[in-house]
Amino acid sequence: MRILRLRDVMDKTGLARSTVYKYIEAGTFPKPIDLGGRSVGWVDEEINDWILEKINQRDHCQ
């Protein structure tokens, strides 16, 4: 299991920091895990699943 930091999540998804947190607030993006202090990270597989879900949504809408 790999933990991604915010920069990695942004690079992988193409989303801006504010958009990541907006989607988390809306309940449409994986929640971060607390790494201690002010550090958070995301589980790589959860981000991959989110991306695959977006691809599936695109393919079903066509």
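Helices (H or I, at least four residues) and strands (E, at least two) are DSSP runs, numbered from the N terminus. This is a predicted model, where local features need pLDDT of at least 70, side-chain atom pairs count only at pLDDT 80 or more, and totals for chains, interfaces and linings use all residues. Residues are numbered from 1 along each chain as its sequence is written, and side-chain values use heavy atoms, with hydrogens and water left out.

**View 1. The whole chain.** Follow the sequence and you read the pattern β-α-α-β-β-α. The C-alpha trace spans about 45 × 25 × 20 Å along its principal axes. Of the 62 residues in the chain, 27% are buried (buried means under 20% relative accessible area, exposed over 50%, and partly exposed in between, with a 1.4 Å probe and protein chains only). Now take the contacts between residues at least 6 apart in sequence: 43% of them join residues at least 24 apart (contact means heavy atoms within 4.5 Å).

**View 2. Tyr23 and its surroundings.** Zoom in on Tyr23, which is found in helix H2 (residues 17-26). With a relative accessible area of 26%, Tyr23 is partly exposed. What is Tyr23 in contact with, leaving aside its neighbours within four places in sequence? The partners are Leu15, Thr28, Phe29 and Trp50. Glu46 sits 23 residues from Tyr23 along the chain, and 14 Å separates their C-alpha atoms.

**View 3. Helix H1 against helix H2.** Here H1 and H2 pack at an angle of about 90°, and their axes are 10 Å apart (axes are lines fitted to C-alpha atoms, for helices over the stretch in contact, and angles run from 0 to 180 degrees between N-to-C directions). That makes H1 and H2 roughly perpendicular to each other (angles under 35 degrees count as roughly parallel, over 145 as roughly antiparallel, 65 to 115 as roughly perpendicular and the rest as oblique). Leu6, Val9 and Met10 of H1 meet Arg17, Val20 and Tyr21 of H2 in this contact. Sorted by class, the residues are five nonpolar, no polar and one charged (Ala, Val, Leu, Ile, Met, Phe, Trp, Tyr, Cys and Pro count as nonpolar, Asp, Glu, Lys and Arg as charged, and the others, Gly among them, as polar).

**View 4. Helix H1 against helix H3.** H1 (residues 6-13) packs on H3 (residues 44-60) at an angle of about 25°, with 11 Å between their axes. So these two helices are roughly parallel to each other. On the H1 side, the contact uses Val9, Lys12 and Thr13, while H3 brings in Asp44, Ile47, Asn48, Trp50 and Ile51. The class count for H1 with H3 is four nonpolar, two polar and two charged residues.

**View 5. The salt bridges.** Side chains of opposite charge can pair when their charged atoms come close. How many salt bridges does the structure hold? There are two (a salt bridge is a side-chain nitrogen of Lys or Arg within 4 Å of a carboxyl oxygen of Asp or Glu). In one of them Lys12 pairs with Asp44, with the closest N and O atoms 2.5 Å apart. Lys12 lies in helix H1 and Asp44 in helix H3, so this pair ties together parts that are 32 residues apart in sequence. Lys12 is partly exposed at 36% relative accessibility, whereas Asp44 is buried at 15%. Arg58 and Asp59 also form a salt bridge, at 2.9 Å from N to O. Both ends are partly exposed, with Arg58 at 47% and Asp59 at 41%.
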